[in-house]
Amino acid sequence: MITVQEAEQSIADTLVALAAETVSIEDANGRVLRESLRADRDAPPFNRSTFDGIALAYSAIEKGRADFPITGTAFAGSPQQSIDDPATCIEIMTGAPLPDQADCVVKVEDLDIAGGIARIREGVPLSRGHGVHLQASDCQAGQSLLEPGCRLTAKELSIAASIGKSELRVSRLPRISIVTTGDELVPIETQPLPHQIRRSNDLALNAVLASAGYAQTSRYHVADDLKETESVVATILAQSDVVILAGGISKGKRDFLPEALETAGVSKAFQWVGQRPGKPLWFGDYASSDRRCYVFALPGNPVSCFTCLHRYVLPALDQLSGLPPRPPQFARLKSDFHFKPPITLFLPVLIECDANGQTWAEPLPFNSSGDYISVARTQGFLELPPEETNFASGSSYPFRPWQT
Ligand code: AMP
Ligand code: MG
């Protein structure tokens, strides 16, 4: 049996990042950037007005002038104009290029305009540069704006759009196969017999993956039958980058996955991890001439399955996609907690943030690692280390939120 940290390291050492591909910016939402994006020109590209008002030369105000004849109007989207006589001004709209010679904009609210003359009201605080968003004050042409390894969301896409990147290099989406196993499991719409239960893991896994940005999934179910398991394993290894199996991985007499995976040529990295829930966690990889497939076989128990997905599979998918590790989060235990076995405990917790900015984690008293109904009330889990037994209220431990 290996530790959680050893399991995590073994996975990280095995993974090789997925290739990049070029996609339209319209299809890039949620994808991971694989190129550097640089400013193609200054931002803003010209001195722009930040108000509707008048543009003028500040030197005229310094000389005591308050009345300015209006000689033209500058609109957003019109070419730059110029002020030939500093005793005059140009009416200007927000976003318009500042006229040549102008270095100050007075807001329309601070003016009285009559007969083509704008008069600045008394006491308006003004200075050189007032109302001017200076060229290159946000960034200079050539400056790096985004680096490879960031997930593209609305704000990153607006940067890409503003520099004219209609196509982007991004990581290929992993093709993921989700496979559930078990003779007792029936489809959701089926009325189970007394000894059967409805299948929920595949739907839960799929939902987590979709909200984490990994929506390219296929789902399968296999009975507890060696031949059928071997056949499905062979099919999915041929068509997936990542395989997530649920159930059939422990020491039960019909847990056929370890054998089927071995027969298919998947190279096992580990099978048992010192953790609760999720001790029977199997990980390996399958290499063919031109590609690799990574296999995570998670315990079928819904809570174990859900926890292992968050603790191991999501970080692995991020790494494969070229994302840096998610920054660690911590929370303080709200009450004393006792756990004796020398293994890591993943403890589902209810989270509360107090007015001092502290995050508190209340352990949920739950029945067993199968109690997925209680877990639904929690927001994530604390990771309690194997070397401690008494976990004191107020102590801080790593916290991982459930993907929402
Ligand atoms: P196993 O790991 O196959 O021994 O399964 C452990 C427990 O998890 C059993 O009680 C299974 O019925 C349950 N289980 C396995 N797969 C699923 C699934 N897809 N949905 C809901 N429960 C499952
Ligand atoms: Mg089973």
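This report walks through the ligand site and a few backbone features of a predicted model.

## The ligand and its surroundings

## Backbone contacts to the ligand

For G248, a polar backbone atom is 2.8 Å from a ligand oxygen. G300 places a backbone N or O atom 2.9 Å from an oxygen atom of the ligand, and for a backbone N or O atom of N301 the distance to a ligand oxygen is 3.1 Å. Ligand 1 on its own would expose 490 Å², and the protein buries 76% of that area.

## Cis peptide bonds

The bond from A43 to P44 is cis, its omega being near -10°; P44 belongs to the loop that runs between β2 (37-38) and β3 (48-49).

R276 and P277 are also joined by a cis peptide bond, with omega about -5°. Here the proline, P277, is in the loop between β19 (275-276) and β20 (280-287).

## Positive phi angles

Q101 has phi near 80° and sits in the loop between β6 (89-92) and β7 (104-107). Its relative accessibility is 53%, so Q101 counts as exposed, the cut-off being over 50%.

A136 has a phi of about 70°, and its place is in the loop linking β10 (132-133) and β11 (144-146).

Conventions
Residues are numbered from 1 along each chain as its sequence is written. Chains are lettered from A and ligands numbered from 1 in the order in which they are written. This is a predicted model: local features need pLDDT of at least 70, side-chain atom pairs count only at pLDDT 80 or more; totals for chains, interfaces and linings use all residues. Side-chain values use heavy atoms; hydrogens and water are left out. A polar contact is a pair of N or O atoms within 3.5 Å; within protein, one must be able to donate a hydrogen and the other to accept it, and residues adjacent in sequence count only if both atoms are side-chain atoms. Accessible areas come from the Shrake-Rupley method with a 1.4 Å probe; for residues, only the protein chains shown count as cover. Helices (H or I, at least four residues) and strands (E, at least two) are DSSP runs, numbered from the N terminus. Buried means under 20% relative accessible area, exposed over 50%, partly exposed in between (1.4 Å probe, protein chains only).
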